[in-house]
Amino acid sequence: MRTMKRMIFSLLFVVGFSSAIMAQKYDVNWEKEYDKAVEIARKKNKPILIFFTGSDWCGPCKMLVEDFFESKRFGKLARENFVVYKADFPKNSYLVTLSQHKKNNYLSRMYGVNSYPTIVVIDKEGKELGRKSGYNLMRDTRYHFKFLKDCLLYTSDAADE
């Protein structure tokens with residue numbers, strides 16, 4: 001009986017540990033203030049990725065976060081190549097500060113964003129390098145990764161000139 005309990009405990013431990021590893025998310029350091037993101041982008045000579053989202057109500061936004069932004073692949077790509085900022089438009093206003101709300105509205109008007117999710121990549125001076133809107137129910141992130149790769153190629157080409 002004691003051996004059976006050990007075996008069951010060991011099996012549960014292995015299954016639980018494996019599930020925890022598989023469900024592990026890769027956290028990205030999203031800048032909280034847009035002006036700070038610009039400052040870092042200028043200092044590090046990196047483009048800024050702005051993610052326009054309705055974090056607490058937009059279903060496609062939530063799926064994109066889960067499938068794309070929380071992936072290890074995106075985490076590595078972001079850490080090495082981008083400064084990231086989330087322009088959030090939540091229904092629950094306490095999720096953003098008043099200054100974030102004002103800045104996000106300004107950015108939305110400046111870049112003509114009127115649907116969520118939308119990703120806009122800009123250079124350190126604010127010039128738009130590209131945008132990707134929406135997310136499909138097939139939950140296929142390859143178009144988002146290709147979009148980021150294309151933006152980086154555009155950035156490299158501009159730096160060569």
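**Close-up views of a predicted model**

**View 1. Val 96 sits in a loop and is tucked away from solvent.** Val 96 is buried, with 14% relative accessible area (buried means under 20%, exposed over 50%, partly exposed in between, with a 1.4 Å probe and protein chains only). Its place is the loop between β2 (83–88) and α5 (98–110); helices (H or I, at least four residues) and strands (E, at least two) are DSSP runs, numbered from the N terminus. Leaving out residues up to four places away in sequence, Val 96 touches Asp 88, Pro 90 and His 101, where contact means heavy atoms within 4.5 Å. Lys 32 is 64 residues apart from Val 96 along the chain, and the two C-alpha atoms are separated by 9.2 Å.

A word on reading these views: this is a predicted model, in which local features need pLDDT of at least 70 and side-chain atom pairs count only at pLDDT 80 or more, while totals for chains, interfaces and linings use all residues. Residues are numbered from 1 along each chain as its sequence is written, and side-chain values use heavy atoms, with hydrogens and water left out.

**View 2. Cys 58 and Cys 61 form a disulfide.** The two sulfurs are 2.4 Å apart, and the rule here asks for a pair of cysteine sulfur atoms within 2.5 Å. That rule gives a count of one disulfide. The torsion about the S-S bond is about 75°, so this disulfide is right-handed. Both partners are buried: Cys 58 at 4% relative accessibility and Cys 61 at 1%. Cys 151 is buried too, at 3%.

**View 3. Strand β1 (residues 48–53) is largely enclosed.** Six of its six residues are buried, so the rest of the structure largely encloses β1. In a regular strand, side chains alternate between the two faces of the sheet. On one side of β1 are Ile 48, Ile 50 and Phe 52, and on the other Leu 49, Phe 51 and Thr 53, all buried. β1 runs parallel to β2, with six bridges joining them (strands pair if DSSP finds at least two bridges between them). Ile 48 has Val 83 as its bridge partner in β2. With strand β3 (residues 118–122), β1 runs antiparallel through five bridges, and Phe 51 stands opposite Ile 119 there.

View 4. Most residues other than glycine have a negative phi, and most peptide bonds are trans. You'll find Asn 45 in the loop between α2 and β1, where it is exposed at 53% relative accessible area. Arg 139 lies in the loop between β4 (128–133) and α6 (142–160) and is partly exposed at 33%.

**View 5. A cis peptide bond joins Tyr 116 and Pro 117.** Omega for this bond is about -5°. Pro 117 is found in the loop between α5 and β3.
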